Amino acid sequence: MRIMYYLWLRQIKRYFRSKSRIVGAIGQPLLFLLALGYGLGSVYKAAGQGNYLQFLVPGIMAQTVLFSSMFYGAMIIFDRQFGFLKETIVAPVSRLKIMLGGAIGGATTAVMQGLLVFIISLALGFRPYNWAMASISIIFLSALALSITAFSSGIGSFVQDMQGFQAINQFLVFPLYFLSGALYPLTHVPTWLKIIAEINPISYTVDALRWSMLGTSRFGIIHDCIALAITLIVLIVFGALRFRHIEA
Amino acid sequence: MIEASHLTKKFGNFTAVNDISFKVEAGELFALLGPNGAGKSTTIKMLTTLLKPTSGKLKLNDYDVAKQQDLTRKSFGIVFQDPSVDNDLTAYENMQLHAVMYNVPRKETDSRIKELLTLVELWDRRDHLVKTFSGGMKRRLEIARGLLHHPKVLFLDEPTLGLDTQTRNLLWGYVGNLAKEKDMTVLFTTHYLDEAEANANRIAIIDHGKLLVIGTAAELMKQTKTNTLEKAYLDLTGKELRDEEVSPHEVWRSRQRSRNMR
């Protein structure tokens, strides 16, 4: 436990020491909130769907956590390039502890980024329908964060450079995000899009966040929780298995 | 303390280490010499569990390196050829993380860190981020870190590369003392033959993955009928220059490096 705590602490310290990372990771969601929230808000309202910013914020929080968590895999690649990875993998510590300690640390910082976006959203006029319920969303954000940091540690263990890592981001994570219903309601979309959204774990995260913050849910919170739990387990197993074969 | 028998490592068709056998006794300072690409680093990687041998047996501190990885890992410290410290942590935090990973008793951690950082003259800089350190300072930190868990065996892969004379002097003085006092075994590689001659009890020269000769500096000179270790070395390995034969493992690394430089 002590080892995992210190590996977690390492991520937290590095996060707070990198102001540019905190600010940089806020830029993209802020842009989405402003450009989409205000840009599409009136169209959305005219279509009779209500307040678009309210609808959008849970999606943008999921986005922030998703991409911050993916960034954790890039940190493993940096650790390899700067040599620190060697120090951890010649140590008499099980790979599982190294992987989990770091991934939990990465997930913690990703959730902090998500909460930062939540605060910004409040300033822009977002209001959760019930504060007590809204606080539950931390659980969903954490589940998403840990799933993705575990996934990205698996990716970081066999992808050797940033280019390869970016390719996975572009061809897997971006599509998953854009096809998840984070940005638009899934009620009137074509069937193919609906099917993709329904097998996409990000959809369920976004849906669970909307349930806790807006009180509306498409799939039902039970389904959301099951989907999140399965995703979490599968991706931790994936990450742990890949990380076992990591080479410096 | 270290025992390699018929150690072989192949990367595809390329044999990086070819049927090497040697023994290093406890408390011995043992130098592994050879031109670039001779197989020195590959040998160290196998001894330190970073690579699995294709065939052959390795024992370290009486543990089977392939089968008892964790016990082996507890027994050695290593200073890598390339830096391996976390630049975004302070010197102290790097040491602390190492102490935790190697299960150094909590009560002793602070005093050991203080002793070692003082020794490598970094105690005053303990709370500075490592990214503000020069290459030599990072190397000193790595040496201090490698010694933190009181390893039975210390591996030093070209430890003095790029260090000034003062630091080299300090390093060898300290390592020599530790070997004597704590009966620590040291296996090191270097391209500076004077360093090997001055510090190693015995020297092994490898080339093209094969062990050419093993013995004291005097024995090597006698065997080659030369009067300096450098002449003996050149007599054994030849004078032609080597293009480092890269293992598949190193290919992406060098790519990585050139990418980083761009």
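Q: How many residues does the contact take from chain A and from chain B?
A: In this predicted model, the contact takes 20 residues from chain A and 24 residues from chain B. A residue counts here if its C-beta atom, placed from the backbone, lies within 7 Å of that of a partner residue.

Q: Which elements give two or more residues to the side of chain A that touches chain B?
A: They are helix 1 (2-17) and helix 5 (84-89) of chain A. Helix 1 of chain A gives the most, with 7 residues.

Q: How do the residues of the side of chain A that touches chain B divide by class?
A: That side has 9 nonpolar, 3 polar and 8 charged residues.

Q: Which residues meet where helix 6 of chain A touches helix 8 of chain A?
A: From helix 6 of chain A they include Gly102(A), Gly106(A), Ala110(A) and Gly114(A), and from helix 8 of chain A they include Leu141(A), Ala145(A), Thr149(A) and Ser153(A). By class, this contact has 11 nonpolar, 6 polar and no charged residues. Gly counts as polar in this division.

Q: What makes strand 6 and strand 10 of chain B edge strands?
A: Strand 6 (76-79) and strand 10 (210-215) of chain B each pair on one side only. They belong to an open sheet of 6 strands with the order 6-7-8-3-9-10 and mixed pairing. Neighbouring strands of this sheet are turned by 15 degrees against each other on average, direction ignored.

Q: How do you know that strand 3 and strand 9 of chain B pair?
A: Pairing needs at least two bridges, and 4 bridges join strand 3 (residues 29-33) to strand 9 (residues 202-207) of chain B, which run parallel. In strand 9 of chain B, Ala204(B) is the bridge partner of Leu32(B).

Q: Which strands does helix 1 of chain B touch as it packs on the sheet?
A: Helix 1 (residues 40-47) of chain B touches strand 3, strand 7 (153-157), strand 8 (185-189) and strand 9 of chain B. Its direction makes about 150 degrees with that of strand 7 of chain B. Helix 5 (residues 135-147) of chain B also packs on the sheet, touching strand 6 and strand 7 of chain B. The direction of helix 5 of chain B makes about 175 degrees with that of strand 6 of chain B.

Technical notes:
Residues numbered from 1 in each chain as written. Chains lettered and ligands numbered in written order. Predicted model: local features only at pLDDT ≥ 70, side-chain atom pairs only at ≥ 80, totals over all residues. Contact = placed C-beta atoms within 7 Å. Axes fitted to C-alpha atoms, helices over the stretch in contact; angles between N-to-C directions.
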